[in-house]
Amino acid sequence: MTRPAASLDHFASEAAADGLHRAHLTFARLLAVLGILTVILLIVAVTACAFGSVHVDLVRAFSDRAGADHAIFFAARLPRVLMAAIVGAVLAASGAALQALVRNPLAEGGILGISGGGAFGAIVALIVGARLGAPEGIVPLCAFGAALLSTVAVYRLAVVEGRLEPFTLLLVGVIFNSFWGAAIMIVNATVNFYVVHSILFWLMGSFEAPTWREIATAAGLGTLGFAALMAHARDMNLLSLGDEAAGELGVDVDRVRRAIFLWTSIMIGAAVSVSGIISFVGLIVPHVIRLALGADHRLLLPAALLGGAAFMIAADLLARTIIAPAELPVGAITALCGGPFFVYLLRRGSCGSLWS
Amino acid sequence: MSASADNPALRANRLAAGYDGRQVLREVSIDAGFGELVAIVGPNGAGKSTLLKLLAGTIAPWHGSIDLLGRPLADYERRALARIVAVVGQENATAFPFTVLETVLMGRAPHLARFSFESPRDLAVARAALERLGLLGLAGRYVQELSGGERKRVVIARALAQEPKIALLDEPTAFLDMKHVAEIFAILRELCAARRLAVIATLHDLNAAALYADRVLLLKDGAAVASGAPEQVLTAANLRAVYDTEVYVGRNPATGALMVLPAAFSGSRSRSPA
C-alpha cells in the first residue's frame, strides 16, 4: 500500500520525465492560463472603454474631473462595460456548470427556461408597473423573482423519485423555454408600439445605462454563485463519469446537483434581471474553452468566467459601434457571432486539444 | 467457508433487495478475505449486479447486514467508503473530453481535500496504475477516442488509483480480448497477493471463474445455489440446474485446469440444411 518515500519521489520524477504533466491540469498551468485570460480581458475592457459612438480620452477622463470625457466615462461607458463583463462572466460560468449538471454540452440558462421566465417576469412588471405607476426598480426585481420561480417549477418537474434526473431536466427546460417564449409573444400582441420596444429590450438583451445598484447586485450575486460553483468543481469532473461512478468516488450526487442548479439559477436570474436574454454565451464560451484547454472544471469554470466577460464586452462594443450612433441588440450580436462559430467547431469533429 | 472467513475484509449476511417492490435477491450471504478473489456467477438476471451494488453501498438492502473491515457499511461516510472500496461498473460514461490520466487521477478524489490539487504522490500512484494496465502511452489521449477494451482498462486503473482495500468489479473482462482478459486477471491476482486486496467480481465467463477465483458463488433467480471452491461449485449438475442447458465440465488436457464447455449443440456446422 504505502511505498517508501524514496520510491515515490522516483515515480514522481519519472512522471515528469514522461511528459505526464502535459496530460492533466496542474496548478501552474491553471495560474498561467488564468493570467493570460486576465490580461486579454483587461485589454478588451480598456479598448471598450475608449471606443464608442463618442471617443473617450481615458487619460483626460481621469485627470479632468469637469470635462466631458470624465462625464461620459463614469456615467455611461464604465458602467456599461462593467455590466457586460459581469453578465458575460456569469452566463458563461453558469453555462459550464449546467453542462456538468446534465452531463450534456448543450445545456444553458436559456435552454433550461431560466432566462425565459426572467424575461416574462420583467415584461409583465413593465406593463403592470407602468399602469400602476410603480418605480422602475421593480422590473429587475420581478425578472429575478420570475426566473427563480420558473427554475423551481422546472426543478420540481424534473425530480423523479427524489432525484434530479438530468435528461428530464433538459426536456422540461426546453418545454418551459418555448412556453415562456409563447407567453411573451401573446403579451407582445396586446400592447402598444411603445411598450413593444421595451419588450424587445428584454428579448434581445442590452447593457444600456445600468445603474450602479444594478451593477453591484449582479456582481454580488455572481461572486457568491461562482464561489459556490468552484467549491464543487472537482465534483463536476466526477459527475461526467456517471451518477453511480461519481457516488462510488465519494460524491453526494443529489446534493451536488441541487447546489449547482440553485446557484446557477440565482446567477442567471441576476444576469437576466439587468440585461434581458442574451443567448449563446453560456453555450459557446464553455465549449470553446473545453476544446482549447480541456474539460477539468477547476480550470473551465474560472476560464469561462474571464472568457465570457471578455467575449461579452467585445460583443457589446460591436453592438454599439457598427451602426453608431444607433445600436444593435447585443443578444443578436452574440447569436450572430456564436452560431456559425459553434457550427464550425462541431463540424471540425475532433476534440483535439491545443497542447497534446 | 475458508480460513480468511474469521477475519474477512467484507462480510454480508442474508441480504434481500429489489427494485420497486420486486424482489431480486433473497437471503444471499457472501464474504471475502484479504487477498482473496471471489467470483459471483449465474445466468442473466440472477441478481449478480444487484448484489455488487449492495456491497458497494450504491443501493440499500431490504434487510441483512454488510460489514466492511469489521464495521457496518452504513457507518461509513461517503468519502471514507470510497477510500476503502473501489467499484468497476459496467457503464463508463465520458460526457466531456477528459484525458486518460485525468480520468485515472479522479480515483484520487476521495483522498483529496476540497480545493487541493493532486500532489506528486497522487500523480505517482496514478502513474503506477497506468503502467500496470499498460496505458502509459495513452495517458494524454482522450478517453472518448479509445476502444472499448482500452476504456475498460482505464476504469480499472482508476480503481487502482483509489488504493482500495476491497475491489468490486462488475464483469471486468466484458469486451476484452483473450490477451487482455488474462492480463486483467493476472493483475487482480497480483494485487490480491501483494496488497492483500479483497476482490469480488461478477463473471459471465465460467472458465475465468474456474481459473482465477479462490471461491465461487453461484446464483439463480436471486438465491445462492452453491458456494465454495470452484471444483465444488462448478459441477455439471449445478450448472445444468442453474443455466438450464447441457454443459461439459472437465479438465484442460494441457494444464489440468477446470474447464466448462457448452454441450447442448451436438450437430455439425458443415452439414447443409436438408
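Modeller: Two strands pair if DSSP finds at least two bridges between them. Strands (E, at least two residues) and helices (H or I, at least four residues) are DSSP runs, numbered from the N terminus. This is a predicted model, in which local features need pLDDT of at least 70 and side-chain atom pairs count only at pLDDT 80 or more, while totals for chains, interfaces and linings use all residues. Residues are numbered from 1 along each chain as its sequence is written, and chains are lettered from A and ligands numbered from 1 in the order in which they are written.

Colleague: What makes β11(B) and β12(B) a pair?

Modeller: Five bridges join β11 (residues 247-251) and β12 (residues 258-262) of chain B in the antiparallel sense; as at least two are required, the two strands pair. B:Tyr248 stands opposite B:Leu261 of β12(B). Six residues lie between the strands of this hairpin, and B:Gly256 takes a positive phi near 80° there.

Colleague: How do you know whether β11(B) is covered or in the open?

Modeller: A residue is buried if 20 or more other C-beta atoms, placed from the backbone, lie within 10 Å of its own, exposed if 12 or fewer do, and partly exposed in between. Of the five residues of β11(B), zero are buried, so the strand lies largely in the open. Helix α12 (residues 253-275) of chain A, by contrast, is mostly covered, with 17 of its 23 residues buried.

Colleague: How do you know that the length of α12(A) agrees with its 23 residues?

Modeller: The expected span is 1.5 Å times one less than the number of residues. For α12(A) this should be 33 Å, and the end C-alpha atoms are 32 Å apart, which agrees. A:Gly276 follows the helix with a positive phi, near 80°.

Colleague: Why are α5(A) and α7(A) called roughly parallel?

Modeller: Axes are lines fitted to C-alpha atoms, for helices over the stretch in contact, and the angles between N-to-C directions run from 0 to 180 degrees. Angles under 35 degrees count as roughly parallel, over 145 as roughly antiparallel, 65 to 115 as roughly perpendicular, and the rest as oblique. The axes of α5 (residues 114-132) and α7 (residues 166-190) of chain A cross at roughly 20° and come within 8 Å; the two helices are therefore roughly parallel. Their crossing is left-handed, a term for a near helix turned anticlockwise from the far one by less than a right angle, right-handed being the clockwise case.

Colleague: Which residues make the contact of α5(A) and α7(A)?

Modeller: Two residues are in contact if their C-beta atoms, placed from the backbone, lie within 7 Å. Among the residues in this contact are A:Gly116, A:Phe120 and A:Ile127 of α5(A), and A:Phe176, A:Trp180 and A:Val187 of α7(A).

Colleague: At what angle do α6(A) and α12(A) pack?

Modeller: Helix α6 (residues 138-158) of chain A and α12(A) pack at about 150°, with their axes 8 Å apart. The crossing is right-handed. The residues that meet include A:Phe144 and A:Tyr155 in α6(A), and A:Phe261 and A:Ile268 in α12(A).

Colleague: What is the strand order of the open sheet in chain B?

Modeller: The six strands have the order β6-β7-β8-β3-β9-β10 with mixed pairing. β6 (85-88) and β10 (223-228) of chain B are the edge strands, since each pairs on one side only. Neighbouring strands are turned by 15° against each other on average, direction ignored. Helix α1 (residues 48-56) of chain B packs on this sheet, touching β3, β6, β7, β8 and β9 of chain B.

Colleague: How many bridges join β3 and β8 of chain B?

Modeller: Four bridges join β3 (residues 37-41) to β8 (residues 198-202), and the strands run parallel. B:Ala39 stands opposite B:Ala201 in β8(B).
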